[in-house]
Amino acid sequence: MKTIFSGIQPSGSLTLGNYIGALSQFPALQEENQCYFCIVDEHAITVPQDRLKLKQQIRSLAALYLAAGIDPEKSVLFIQSEVPAHTQLGWMIQSISYIGELERMTQYKDKSDGKDGVSAALLTYPPLMAADILLYNTDIVPVGDDQKQHLELTRNVAERFNNRFNNIFTVPDIQITKVGARIMSLQEPTKKMSKSDANLKASIFILDEPKQIEKKIKSAVTDSEGIVRYDKENKPGVSNLLTIYSVATNKTIEKSEQEFADSGYGEFKQAVADAVVNMLSPIQQRYYEWMESDALDEVLDKGAERAQAVANKTLRKAKKAMGLGRGK
Ligand code: ATP
Ligand code: MG
């Protein structure tokens, strides 16, 4: 049995990218592993958030985890800010992280690019993410491809801590899905789909209505070749739709290409839209049931309690190793 940790930010409504690259992988993992799934609200505030919207998005994300198949009896589902050890260890990890290595992170560069008033927390996001993972003695972190660099940094700071102080942290491995680890924007298919993208036509949201899904896929950017084939370099739009189709229908990319060998883009896009609607509608149904249920708060209370028990133990060891407090 391995220990698994993964987090999603309540920074907006979840996209198809979040589902395919991360969330959809989780239910199977909980069968044979100890899983911790976190709503990382402290990461979300590294960019400005509206207070009431954030609150709603936290709840909504909890319901989506459950709707996607997270079983609260098997997995620990909790909110990051309800387990104070995350920011505490995050601070300690900051003290052994270098400004230079943080400035090299592409997420920092992308999210700060051209912005005024960039928060210091956007730069120190990766040490907090490292703390999230290290607190639970995590073996495996299932995430999308965009988190590779942060995971590499997590491994580096864990080893740095272990060498400099005491060998207390498990150095985690990343787990990335073979197909769909980076779902691209429907409007700019060379850019990843992101829940905080201001262009709402660029993303399919897990909670979009069938008509919206159809409309967005039909207006997805493709090319003028008119042939449905996978070629990421030259046909990023069509390749992205093929990836989405193959994940949604559980067919290989090759099989999907063959299926549309004689089809135009119109027919292809309709099939992609139908497949996405089919994949998402049962999740949507369960989501609304969870949102109306009182059980959601009970799950999160119990999750925070279980997470705290493990996290506080690791924090105590890390403080002792660094010489903080009275070493109790
Ligand atoms: P934001 O724009 O606020 O950063 P996001 O869409 O990138 O939002 P995160 O909360 O940062 O979402 O990431 C949650 C999980 O979803 C991570 O595991 C991340 O790697 C994965 N993920 C995010 N975008 C994609 C994508 N386009 N394709 C596949 N996986 C993705
Ligand atoms: Mg992100």
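G7 stands opposite C38 of strand β2. The structure is a predicted model, in which local features require pLDDT of at least 70, side-chain atom pairs count only at pLDDT 80 or more, and totals for chains, interfaces and linings use all residues. Residues are numbered from 1 along each chain as its sequence is written, and side-chain values rest on heavy atoms, with hydrogens and water left out.

Strand β1 (residues 3-8) and β2 run parallel and are joined by six bridges; strands are DSSP runs of E of at least two residues, helices are runs of H or I of at least four, and both are numbered from the N terminus. Two strands are taken to pair if DSSP finds at least two bridges between them. β2 also pairs in the parallel sense with strand β3 (residues 76-79), over four bridges, and I39 has I79 of β3 as its bridge partner. Five of the six residues of β2 (residues 34-39) are buried (under 20% relative accessible area, with exposed meaning over 50% and partly exposed in between, for a 1.4 Å probe and protein chains only).

Two helix pairs were examined. The axes of α12 (residues 236-249) and α14 (residues 265-291) come within 9 Å and cross at roughly 40°; axes are lines fitted to C-alpha atoms, for helices over the stretch in contact, with angles from 0 to 180 degrees between N-to-C directions. α12 is therefore oblique to α14, given that angles under 35 degrees count as roughly parallel, over 145 as roughly antiparallel, 65 to 115 as roughly perpendicular and the rest as oblique. The contact (heavy atoms within 4.5 Å) includes L241 and Y245 of α12 and F268 and V272 of α14. Its residues divide into 13 nonpolar, one polar and one charged, where Ala, Val, Leu, Ile, Met, Phe, Trp, Tyr, Cys and Pro count as nonpolar, Asp, Glu, Lys and Arg as charged, and the others, Gly among them, as polar.

The axes of α4 (residues 51-67) and α15 (residues 295-322) come within 11 Å and cross at roughly 90°, so α4 is roughly perpendicular to α15. R59, A62, A63 and L66 of α4 meet L296, D297, V299 and L300 of α15. This contact has six nonpolar, no polar and two charged residues.

Most residues other than glycine have a negative phi. N137, which is not a glycine, has a positive phi of about 55° and is partly exposed, at 29% relative accessibility. For N250, phi is near 65°; this residue lies in the loop between α12 and α13 (253-259) and is exposed, at 73% relative accessibility.

Methods: Chains are lettered from A and ligands numbered from 1 in the order in which they are written.
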